[in-house]
Amino acid sequence: VNAFTFVSITRQPVPTAPLLVGEMASFSCEAESRPTPTITWSRVEGNSNVQLEDNGADINIMSEVIGNTISSDLSVMVEGAGDFTQYFCEADNGFDSEASNMVDLVQAVLQGVAVSPQTQN
């Protein structure tokens, strides 16, 4: 029986479609190992990586463990320019860790719409 295996991220976060302020971004990550890993989510802020904590409001993290696999979903309410950055997950089992690819959260660009004035008859 193998009591220890290296951490393997089996589902990488995938970039979302471009979003607007006020919309929700969602990312998923899955990892497996023995012992079962934990997953933490982080984002880039300036020159550093900041670990995200579930606050029940604008940041929600849901995780589920089945056997030696953990799935984790991150939801972030886009509230401003600082939320348009890179996000990633990291899996750690106390012996080994692996970070996922970084994914960019991109701001949608609204195209201007020209409206001609109504004329009165």
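The model is predicted, so local features are reported only at a pLDDT of at least 70 and side-chain atom pairs only at pLDDT 80 or more, while totals for chains, interfaces and linings use all residues. Residues are numbered from 1 along each chain as its sequence is written, and side-chain values use heavy atoms, with hydrogens and water left out.

The protein chain has zero helices and nine strands, where helices (H or I, at least four residues) and strands (E, at least two) are DSSP runs numbered from the N terminus. Read from the N terminus on, the order of elements is β-β-β-β-β-β-β-β-β. Of the 121 residues, 32% count as buried; here buried means under 20% relative accessible area, exposed means over 50%, and partly exposed covers the range in between, with a 1.4 Å probe and protein chains only. The chain exposes about 7500 Å², of which carbon and sulfur atoms supply 51%. These accessible areas come from the Shrake-Rupley method with a 1.4 Å probe, and for residues only the protein chains shown count as cover. Among contacts with a separation of 6 or more, 61% are made by residues 24 or more positions apart, a contact being heavy atoms within 4.5 Å.

A cis peptide bond joins Arg34 to Pro35, with omega at about -10°.

Next come the cysteines. A disulfide is a covalent bond between the sulfur atoms of two cysteines. With the criterion of a pair of cysteine sulfur atoms within 2.5 Å, the count comes to one disulfide. The disulfide joins Cys29 to Cys89, with an S to S distance of 1.9 Å, and the link is right-handed, with 50° about the S-S bond. Cys29 lies in strand E2 and Cys89 in strand E7, so the pair ties together parts that are 60 residues apart in sequence. Cys29 is buried, at 0% relative accessibility, and Cys89 is also buried, with a relative accessible area of 0%.

The charged side chains tell a story of their own. Side chains of opposite charge can pair when their charged atoms come close. Taking a salt bridge as a side-chain nitrogen of Lys or Arg within 4 Å of a carboxyl oxygen of Asp or Glu, a search of the whole structure finds three. One of them pairs Glu30 with Arg11, with the closest N and O atoms 3.6 Å apart. This pair links distant parts of the chain, with Glu30 in strand E2 and Arg11 in strand E1, 19 residues apart. Arg11 is partly exposed, with a relative accessible area of 34%.

Arg43 takes part in a network of salt bridges that links Arg43, Glu45 and Asp83. Arg43 meets Glu45 at 2.9 Å, N to O, and Asp83 meets Arg43 at 2.7 Å, N to O. Asp83 lies in the loop between strand E6 (69-77) and E7 and Arg43 in strand E3, so their pair ties together parts that are 40 residues apart in sequence. Both Asp83 and Arg43 are buried, Arg43 having a relative accessible area of 12%, whereas Glu45 is partly exposed at 34%.

Finally, the aromatic rings. Rings of Phe, Tyr and Trp (its six-membered ring) pair if their centres lie within 6.5 Å; planes under 30 degrees apart count as stacked, over 60 as edge-to-face and the rest as tilted. The structure holds three aromatic pairs. Among them, Phe4 and Phe6 are edge-to-face, 5.3 Å centre to centre with 75° between the planes. Phe4 and Phe95 also form an edge-to-face pair, at 5.5 Å and 80°. Phe4 lies in the segment before E1 and Phe95 in the loop between strand E7 (86-92) and strand E8 (97-99), so this pair ties together parts that are 91 residues apart in sequence.

Phe4, Phe6 and Phe95 form one aromatic cluster. Phe4 is partly exposed at 30% relative accessibility, while Phe6 is exposed at 60% and Phe95 is exposed at 63%. These three residues also make a nonpolar surface patch of about 370 Å². Patches are made of residues with over 30% relative accessible area and no salt bridge, like charges being joined within 9 Å and nonpolar side chains (Val, Leu, Ile, Met, Phe, Trp, Tyr) within 5 Å.
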